[in-house]
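Trainee: I am new to this structure. Could you walk me through it with some questions and answers?

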Amino acid sequence: MRLHWKWVLACLSVLILVLASAHLYLDHAIRDFWISHVEQRLLREVRFARVYLSDMANTDEGLVPLVNEVGVRLGVRATLINGQGRVLADSETDPSDLSALENHTDHPEISAARQQGRGSSLRYSNTLDTEILYVAIAVPEIGDGHYVLRLSLPLRDMGHIKQLISQAIWIVSTLGLCLTLLLAYATSRYISRPILDAIWFVRNIASGRLKHRTLRVGSTRELRDLGTALDDMRRQVQTHIGQITLEKSRLEAVLTSITEAILVTDQSGRILMGNQTFEKLFGVSDAIEGRMPIELVRHRDVQNAIEQTLKTGQAVFLDLTRSDDRERHFDVQIAPILQDDHIAGSVTIFYDITELRRLERIRKDFVANVSHELRTPLTTIKGCASTLADGALDDREASQRFVKMINTHADRLHNLVEDILDLSRIESGALPLETGVYPLHEMINSVVGQIRPLAKEKTLTIEINVKENVQVQCDHKLIEQALFNLLDNAVKYTPEEGKIWIQTRDFKPVENDRENRRNRPEEIENQTRTRRIALEVKDTGIGVPLSDMDRIFERFYRVDKGRSRAMGGTGLGLSIVRHIMDAHGERVYVESEQGKGSTFGLTLPEA
Ligand code: ADP
């Protein structure tokens, strides 16, 4: 029930109670007052009548007219009763009928008058349908000294007065009720209006609408105080929410910028939040709040570890390997969130150590490969030296052969060590790029100058087919080294009488022939807006099988180990090229068809 209706009902109940009590009280008071008033009157009159009768009466017979006269004159019923209770005279009864009247001895007012000199009594008369008040006194002056004179009066007027007063009370009550209803309704609205305003105000605050006007709830002091208090509360809530929002956005910014996947759970292990990296890593697209970690991470160990941390409050570390599209390794660290000495939740951080593991593996492979590569020439050199020491020196022909072998393998060792040093220098970044703008032609001529003798030995022709006046931005020494490696390979893997072209290519879309093309320059060009040129070394050599094309840039990877070694290859040439291009932010690519030839290209930014 609404407040103002309650208030109206309360007022109404109080009013009805007050009016009913007033009505009851007045009813009694009027009755008491009227009875006492009539009794006093009758007492005065009966005393007067006693004197009158004592003075005037000589005989008993003479009393009848006198009693009648008293009754008529005073407007009451006068009755004279003798000592035996018989009525001697009655102003309202014919003298001839007096003998039929009952004996009055037992009437209370008569017996009281006899004993105490006076008495009164109130009785209901069925005949008259009203109450009658009787007042009697002893009249010892007449008759045998035991006579009693009684006056009586019906209390009809009292009923009339009571009716009038009742009417007045009803009218006043009805009016009062109407007025009270109106007043109660008005005051209740007056009180409930500000309360409704305050409710609206608080609801607005609760739903986050904090910027509305100041609350004015009323003119009374208490309501004004309430309004001020609520307004203060709104301002404080606004400030706090502002602070919380700021903190939240800071936290979100921090969490977003962190490259590790982070997952926060509450005390029951349900997810509170996860950062973008987490969502990306575990392919989450729906809302994650309220879900269990296992639903998203799909790894029992992680779920168990989170539960353990939430139970014990201890940090837990574990390794996680995921193999969705590719294998990835994580160091998972779960720490408790402690709040006032109790565990309020957990934070799980997934450190992606895939790259670390890969590098570790590469390092191990590298060490194994290097040792392997070094072993053969060293063993050969050692073998030759021992044989020479054991007497082969005397055999001139044999010793020349062994020294030649030692020389060849020492060259191989030298090449290997040089290549390894180059590779590690470029890879470690210890070699700062000395970029500048260089004419492409000059760089090509310088490299071709070094390679031509080798090509000549194998009767290979080199044709330069390069766009005129092209300037490129690069570290020319490194790019020349990369070009040298490509040309060196072209010479090595092209049979005699073959042909080598050095050419440039514009980035015009070419047919998408997935079978024999990899890392095409057009795709690379699309990645940035810088104008690029591709410098290509094309040969009519043995070509690279499709299955090996992706791997030939790896260290020590060779399609045909025997052939490579025979050619003095180290298996590091293309790896060095790739690292040089990576250091430039550029790419090396290959297009090849086995048995027909290969095209290796370098992308370079035009100056
Ligand atoms: P290597 O010292 O063995 O030449 P590289 O890293 O330079 O090592 O090349 C890796 C492998 O790629 C070579 O062993 C060879 O099988 C292949 N390769 C490189 N260039 C060519 C080419 N022009 N024609 C055919 N195969 C090539």
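Trainee: Is Asn469 buried or exposed?

Mentor: This is a predicted model, where local features need pLDDT of at least 70, side-chain atom pairs count only at pLDDT 80 or more, and totals for chains, interfaces and linings use all residues. Residues are numbered from 1 along each chain as its sequence is written, and side-chain values use heavy atoms, with hydrogens and water left out. Buried means under 20% relative accessible area, exposed over 50%, and partly exposed in between (1.4 Å probe, protein chains only). Asn469 has 74% relative accessibility, so the label is exposed.

Trainee: Which loop holds Asn469?

Mentor: Helices (H or I, at least four residues) and strands (E, at least two) are DSSP runs, numbered from the N terminus. Asn469 is not a glycine, yet its phi is positive, near 45°. Its place is the loop between strand E12 (461-465) and strand E13 (471-474).

Trainee: What is the relative accessible area of Asp340?

Mentor: Asp340 sits in the loop between strand E9 (327-339) and strand E10 (342-352). Its phi is positive too, about 45°, although Asp340 is not a glycine. Asp340 counts as exposed because its relative accessible area is 73%.

Trainee: Is Ile451 buried or exposed?

Mentor: Ile451 belongs to helix H11 (residues 440-457). The relative accessibility of Ile451 is 0%, so Ile451 is buried.

Trainee: Which side chain has a polar contact with that of Ser121?

Mentor: Ser121 is part of strand E3 (residues 118-125), and its 9% relative accessibility makes it buried. A polar contact is a pair of N or O atoms within 3.5 Å; within protein, one must be able to donate a hydrogen and the other to accept it, and residues adjacent in sequence count only if both atoms are side-chain atoms. At 2.9 Å, the partner of Ser121 is Arg123.

Trainee: Which residue has a side-chain N or O atom 2.9 Å from a nitrogen atom of the ligand?

Mentor: Backbone atoms take part around the ligand as well: a polar one of Val559 is 3.1 Å from a ligand oxygen, and one of Gly573 is 3.2 Å from a ligand oxygen. The side-chain atom 2.9 Å from the ligand nitrogen belongs to Asp539.

Trainee: Which helix gives the largest share of the shell around the ligand?

Mentor: Helix H12 (476-492), helix H15 (573-584) and strand E18 (597-605) each supply at least two shell residues. The largest share is 3 residues, and it comes from H12.
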